[in-house]
Amino acid sequence: MDINGDGFADILSGCYSQHGYDFMVGSFWVLYGDKEGKFAKAVELKGNDGKTLMILNEKDAKNSNFDIKNICTRPYAADLNGDGKLDLVSGNFEGSFYFFAGEGKGAFQSKAVELTDVGGKALKVNSGHSDPFLVDWDADGDLDLLSGGSDGEIVWAENKAAKGEAATMPKFAAFATLIAAPTSGEKGGPEAPSYSVRIHVADINGDGKLDILAGDARHSGGEPRADLSEEEKTKHKALQDEMDKVSEKWQAIYSKYWKEFEEAVEKAGKKLTEEEQEKLWKELVEDKMEKDEELKTTQKRMSELQEELGKYLTPWVSTGNVWVYTQK
């Protein structure tokens, strides 16, 4: 897509979380193309306030140690509001969708607006990892919203705007399922996508109908090897039993400090500022855990056990497939 309107295709990307911030930021990046089909080094998109473009503003993002709305961004550029300028629509870890109005030539308003259906309910992929693709899926002249999802489903929200209606923001229906998520027995198998499905829509076979390309992620390994001897099986079980006990011990120590922190926050009530809360966390959790010798011994043993257990397990493999759904 041509983000800055110079006539050359560019590459647009989101990210999990950008380095350089003290909170989680799924920023947006673009590699601008040139007439030779080459691309410049990726640069971070800024909003019209000159700051990093992000779904949540800095204040809201900092109010959470892990805000799933602000990470795993997946942007798509299209003229959503009909003003002739490219806008951005982004998915995220949570599964919701946010809109950044375009100002032309690759500039975007900094304020993100959550997309909702005609009933005012937030559009959301229930399994998370929303992946927007804007296209006229039903061939009625307006942009519809399609998305993959973490569980492997593919959904769409029809644009319910009346034909010939003045160009405004789309009036999306609630999500309907185009392709259901595979069952647990199908996941990872050869007949259906696995997890974290990302989509692209195009006429793949040239029959005049839109089809769907779906990429997935699949992971295998970590199970006991099939060739283990009886002696090795016994050793593996003993190690796993010890790992379970050591892990419970670590959790108990951590929970003690977490409870102290929660009690301190509750005691302080609404008067506690963000900075004061961060200070309490450091004093009551981070600093105490760092000085806790029992915790250090527990962590060391967990690391040793993990290494030992690895000798009895199949290796971890991460890969993925591309699937094609042709429209009838």
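User: Which residues do ring pairs link into a cluster with Trp258?

Analyst: This is a predicted model, and in it ring pairs join Trp258 into a cluster.

User: How are the rings of Phe261 and Trp281 arranged, stacked or edge-to-face?

Analyst: The ring centres of Phe261 and Trp281 lie 5.0 Å apart, with the planes at 85°. The pair bridges distant parts of the chain, since Phe261 belongs to helix α2 (residues 230-268) and Trp281 to helix α3 (residues 274-291), 20 residues apart. Because planes over 60 degrees apart count as edge-to-face, the angle of 85° makes the pair of Phe261 and Trp281 edge-to-face.

User: Is Phe261 buried or exposed?

Analyst: The relative accessibility of Phe261 is 7%. Because the cut-off for a buried residue is under 20%, Phe261 counts as buried.

User: What distance should helix α4 span at 1.5 Å a residue?

Analyst: Helix α4 covers residues 293-309, which makes 17 residues. Because the expected span is 1.5 Å times one less than the number of residues, the estimate can be set against the end C-alpha atoms, which are 24 Å apart and agree with it.

User: Within what arc do the buried residues of α4 fall, seen down its axis?

Analyst: The buried residues of α4 are Leu295, Thr298, Leu305 and Leu309. Seen down the axis of α4, these buried residues line one face of the helix, whereas Glu293, Thr297, Lys300 and Glu307 are exposed on the other side. The buried residues line one face because they fall within an arc of 85°.

User: Which residue has a side-chain oxygen within 3.0 Å of the backbone nitrogen of Glu294?

Analyst: The contact lies at the start of α4, where the backbone nitrogen belongs to Glu294. The side-chain oxygen that reaches to within 3.0 Å of this nitrogen comes from Asp292.

User: Which strands stand at the edges of the open sheet of four strands?

Analyst: The order in this open sheet is β10-β11-β12-β13, and the pairing is antiparallel. A strand with a single partner is left without a neighbour on one side, so the edge strands are β10 (131-135) and β13 (176-179).

User: Which residue in β11 is the bridge partner of Asp131?

Analyst: β10 pairs with strand β11 (residues 144-148) in the antiparallel sense, over five bridges. In β11, the bridge partner of Asp131 is Gly148.

Note on methods: Residues are numbered from 1 along each chain as its sequence is written. This is a predicted model: local features need pLDDT of at least 70, side-chain atom pairs count only at pLDDT 80 or more; totals for chains, interfaces and linings use all residues. Side-chain values use heavy atoms; hydrogens and water are left out. Rings of Phe, Tyr and Trp (its six-membered ring) pair if their centres lie within 6.5 Å; planes under 30 degrees apart count as stacked, over 60 as edge-to-face and the rest as tilted. Helices (H or I, at least four residues) and strands (E, at least two) are DSSP runs, numbered from the N terminus. Buried means under 20% relative accessible area, exposed over 50%, partly exposed in between (1.4 Å probe, protein chains only). The arc is that of the directions from the helix axis to the C-beta atoms. A polar contact is a pair of N or O atoms within 3.5 Å; within protein, one must be able to donate a hydrogen and the other to accept it, and residues adjacent in sequence count only if both atoms are side-chain atoms. Two strands pair if DSSP finds at least two bridges between them.
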